[in-house]
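Welcome! Have a look at the picture, then read on.

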Amino acid sequence: QDVSYLNSLGNQVSYNVTVAAAGTYTATFRVSSPNNNATFKVMDGKNNVLATVTAPNTGGWQVWGAVSASVTLGAGSQTIKIVCQSANGFNFNWMQFVKSTTTAVVGNVASSDAANNISVKTSDSTATDQTARFNVYPNPAIDQVTLDIANSYMGRLDVQVIGMTGIVVKRYELSKSLTIMQTPISLSGLTPGMYIIRVSGIGWQMTKKVLKQ
């Protein structure tokens with residue numbers, strides 16, 4: 001199921017949302033289009049522009065991709081609109097907002113060796129028995145990766161992207177409500193190189209290395 005025929009200036013879809021906490025969020029939009037320069041604005045209920053986004057040419061109307069933007073949201077119930085800005089049409093599937101913070105120091109997660117290279121303690125993937133599956137793809141990645149998690153845990157997830165010096169360069173808060181969870185996170189703005197992605201809940205954590213190109 002998706003919204004189609006967003007192909008004229010002003011075509012729009014509106015969503016009633018409740019924002020738990022005010023702040024800056026990484027917004028990810030799942031879109032498809034065979035066209036270049038299919039542009040839309042993310043707006044609030046007062047027609048303030050939160051972001052302007054260009055949907056990628058995915059190669060077809062049902063060939064899906066994702067694009068991200070940073071938006072600032074206030075707390076509480078509100079309206080968010082996706083408003084088409086061009087005749088280059090696109091289809092719209094879903095949007096996700098993940099609260100992000102940057103430049104925090106991480107402790108007891110990774111250690112630096114004499115060459116100042118970061119390494120995950122024990123192995124490339126460390127997890128408790130609760131984890132049935134944890135994958136990160138694509139790897140190598142360009143601007144975003146998808147977390148593929150399958151376990152019995154339900155609740156808040158803390159996701160950290162850790163650089164080679166042990167500094168958390170991106171941080172996200174997610175909510176897991178199903179056994180299987182597949183969600184994109186943005187690596188946009190990071191310099192190419194190796195990073196560690198750590199996902200943790202109450203009583204468990206998982207780590208994976210990812211190469212950003």
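## Starting at Tyr5

Let us begin with Tyr5, which lies in strand β1, made of residues 3–6. Please keep in mind that this is a predicted model. Tyr5 is not a glycine, yet its phi is positive, at about 60°. Is Tyr5 buried or exposed? With a relative accessibility of 66%, Tyr5 counts as exposed, because the cut-off for that class is over 50%.

Asn37 also has a positive phi of about 60° without being a glycine. You can find Asn37 in the loop between β3 (23–33) and β4 (38–44). Its relative accessibility is 55%, so Asn37 counts as exposed.

## The chain as a whole

Now for a wider view. The chain contains 18 strands and zero helices. It has 213 residues, and 42% of them count as buried.

How do contacts span the sequence? If you take the contacts between residues at least 6 apart in sequence, 70% of them join residues at least 24 apart.

## A sheet of four strands

One piece to look for is an open sheet of four strands, arranged in the order β2-β7-β4-β5 with antiparallel pairing. Its edge strands are β2 and β5 (49–55), each of which pairs on one side only. From one strand to the next, the twist averages 20°.

Within this sheet, β2 pairs with β7 (residues 76–84) in the antiparallel sense, over eight bridges.

## The largest pocket

How much space lies in the largest pocket? The volume is about 330 Å³. The pocket is lined by 13 residues, and those closest to its centre are Thr18, Val19, Ala20, Tyr25 and Phe97.

Of the elements, β8 gives the most, with four residues. By type, the lining of the largest pocket divides into 10 nonpolar residues, one polar and two charged.

## Two cis peptide bonds

Our last stop is the loop between β12 (131–137) and β13 (144–151), where Pro138 is found. The peptide bond leading from Tyr137 to Pro138 is cis, with omega near -5°.

Pro140 also has its place in the loop between β12 and β13. Here the peptide bond from Asn139 to Pro140 is cis, with omega near 10°.

Notes:
Residues are numbered from 1 along each chain as its sequence is written. This is a predicted model: local features need pLDDT of at least 70, side-chain atom pairs count only at pLDDT 80 or more; totals for chains, interfaces and linings use all residues. Side-chain values use heavy atoms; hydrogens and water are left out. On a 1 Å grid over the protein atoms alone, a cavity is a set of points where a 1.4 Å probe fits but cannot get out, and a pocket is an open set with protein on both sides within 12 Å along at least five of seven lines; lining residues have an atom within 4 Å of a point. Grid points are joined across faces, edges and corners, and a volume is the space filled by probe spheres set on the points. Ala, Val, Leu, Ile, Met, Phe, Trp, Tyr, Cys and Pro count as nonpolar, Asp, Glu, Lys and Arg as charged, and the others, Gly among them, as polar. Two strands pair if DSSP finds at least two bridges between them. Axes are lines fitted to C-alpha atoms, for helices over the stretch in contact, and angles run from 0 to 180 degrees between N-to-C directions. Buried means under 20% relative accessible area, exposed over 50%, partly exposed in between (1.4 Å probe, protein chains only). Contact means heavy atoms within 4.5 Å.
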